[in-house]
Amino acid sequence: MRVLFWILLIKQKKVMSLASVKGVDKVKFSVKKAFEGTLSNSSLQSEVGTYAVGQMKLYARKATPLQGRNVGSFPSGYPRPKTQEQRERLAKYNRTHPAYGRSTPNLTITGQLIDAIKYEFSKTKKGLFIEFFVDGKRKPYMTGRNKRQKPTKINTDNAELYKLLIDIDKDFAILGLGPIQRKVITNKVRSFLRRALGFTK
Amino acid sequence: MAAPTFKKNKVSQKINLKEEFGIDFRGKDALKEALGQAIIDRIVERSQSGNGMSFNSNGSGKPVKLKSPYSDTYEESLEFKAAGKSKNDVNMTLTGDMLGLIDIVNVKGNTIEIGWDDETENAKSYNHSVGDTVPKRPFFGVNKAELKSIKSEFSKDIKEALKIKKKEGEKAFESFVLDLIDKTKKGDVIG
């Protein structure tokens, strides 16, 4: 249930070849180190990760989820009349998210599932990777006054609930980055590269 | 200095760095890129804090507060709620695409041009800047005072960047990063 993207997948060979023109080991080392420093920059990772996750939450709640590399849509006909009734009943006993609507197809009642989207960076020899996934514990719904759902795996684990949804219909996917998001991330990376050109801020 | 251009198909501002910073920037590509980014950062930070810049016909810009609050209709929209926005917190950010795509669109001699190379975001910024179909919220552009503050904020970095004799490592890194910046303009860096 994870979605993986690469960022700045630059072959190490490329870094080496530029430096080896100079023919000095020290230069090769410092360019590589400085470049890796830019990639490892925690504010770059945090800015890109926070932006990407924010977009996935926004688009899912707008009912136009980001799925893989595109903007998609939730399964047609969702939420069905029966589900709408159920949503309304749960909304009565739980604190709803501002984007909740009885018939709004956005997987949002309390907002716990979509708020559970997380990101993780990993750096390999090939470059920097970012992975998106749904994680963390959730509070089972209140189903009446002072009455809570049974704490089963699906009721308490966001990843399990998400897996169940995907098993029902893959169009319930909420992890991805569309063309505009990839463009904005490219711009963000570019701005960090520019800042790496000597400016302290 | 020149005020920004506000056209449906082009919203941008040309800044002659030699005039504003008193330094000849020809051939100093890295410094132009870094300064251009500092200017973009200033516009984004200001806009996100609800402050704009209104330019008159002779090109001088005056800081203004961006019109607040948002309209009731907008507040009631699913987008507004989905983004977790607040009615009184005007920050020119819904998806974040418009501010996120401000870029250096042209560099020539001592002049850099800040704007959008994305048609949709350019149109959105035009609408906000002139008040076409939406309330006027002039957020784009920098004035002389802002450039002066950027100059003083980065004076040490500018001095360092203008050093004639650079270490081999510095030069190699600079050209490597410039090359990467160029590559990011030709295609996405994420996939």
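**Figure 1. Left-handed crossing of H8(A) and H2(B) in the predicted model.** The crossing of H8(A) and H2(B) is left-handed, and the model in which it is seen is a predicted one. H8(A) packs against helix H2 of chain B, residues 29-48, at an angle of about 125°, and the two axes are 8 Å apart. H8(A) and H2(B) are therefore oblique to each other. On the chain A side, the residues of H8(A) that take part are A:Ser191, A:Arg194 and A:Arg195. Their partners in H2(B) are B:Glu33, B:Ala34, B:Gln37 and B:Ile40. By class, the residues of this contact divide into three charged, two polar and two nonpolar. For the complex, the predictor gives an ipTM of 0.92 and a pTM of 0.90.

**Figure 2. Packing of H3(A) against H8(A) within chain A.** Helix H3 of chain A covers residues 42-61, and helix H8 of chain A covers residues 179-195. Their axes come within 10 Å and cross at roughly 165°. Because this angle is over 145 degrees, H3(A) is roughly antiparallel to H8(A). The crossing of H3(A) and H8(A) is right-handed. H3(A) contributes A:Leu44, A:Glu47, A:Val48, A:Tyr51, A:Ala52 and A:Gln55 to the contact. Facing them in H8(A) are A:Gln181, A:Val184, A:Ile185, A:Lys188 and A:Phe192. The contact of H3(A) with H8(A) comprises seven nonpolar residues, together with two polar and two charged ones.

Figure 3. A:Ala63 lies in the loop between H3 and strand S2 (66-67) of chain A. Although A:Ala63 is not a glycine, its phi is positive, at about 70°.

**Figure 4. Cis peptide bonds in chains A and B.** In chain A, the peptide bond joining A:Tyr78 and A:Pro79 is cis, with omega of about -5°. A:Pro79 is placed in the loop between strand S3 (70-71) and helix H4 (81-93) of chain A. In chain B, a cis peptide bond leads from B:Ser68 to B:Pro69, and its omega is near 0°. B:Pro69 sits in the loop between strand S4 (61-65) and helix H3 (72-76) of chain B.

**Figure 5. Confidence along chain A, with residues 10-28 in view.** Chain A has a mean pLDDT of 84, and 82% of its residues reach 70 or more. Over residues 10-28 of chain A, the pLDDT is below 50. Where pLDDT is low, predicted coordinates should not be read in detail.

Figure 6. Chain B contains nine helices and six strands. The C-alpha trace of chain B spans about 60 × 45 × 30 Å along its principal axes. Chain B has a radius of gyration of 18 Å, which agrees with the value near 16 Å that a compact globule of 191 residues would have. The mean pLDDT of chain B is 92, with 96% of its residues at 70 or more. Within chain B, confidence is highest in strand S6 (residues 111-115), at 98, and lowest in helix H9 (residues 168-186), at a mean of 80.

How values were computed: Residues are numbered from 1 along each chain as its sequence is written. Chains are lettered from A and ligands numbered from 1 in the order in which they are written. This is a predicted model: local features need pLDDT of at least 70, side-chain atom pairs count only at pLDDT 80 or more; totals for chains, interfaces and linings use all residues. pLDDT is the predictor's confidence in each residue, from 0 to 100. Two residues are in contact if their C-beta atoms, placed from the backbone, lie within 7 Å. Axes are lines fitted to C-alpha atoms, for helices over the stretch in contact, and angles run from 0 to 180 degrees between N-to-C directions. Helices (H or I, at least four residues) and strands (E, at least two) are DSSP runs, numbered from the N terminus. Angles under 35 degrees count as roughly parallel, over 145 as roughly antiparallel, 65 to 115 as roughly perpendicular and the rest as oblique. A crossing is left-handed if the near helix is turned anticlockwise from the far one by less than a right angle, and right-handed if clockwise. Ala, Val, Leu, Ile, Met, Phe, Trp, Tyr, Cys and Pro count as nonpolar, Asp, Glu, Lys and Arg as charged, and the others, Gly among them, as polar. The radius of gyration is taken over C-alpha atoms; the globule rule is 2.2 Å times the number of residues to the power 0.38.
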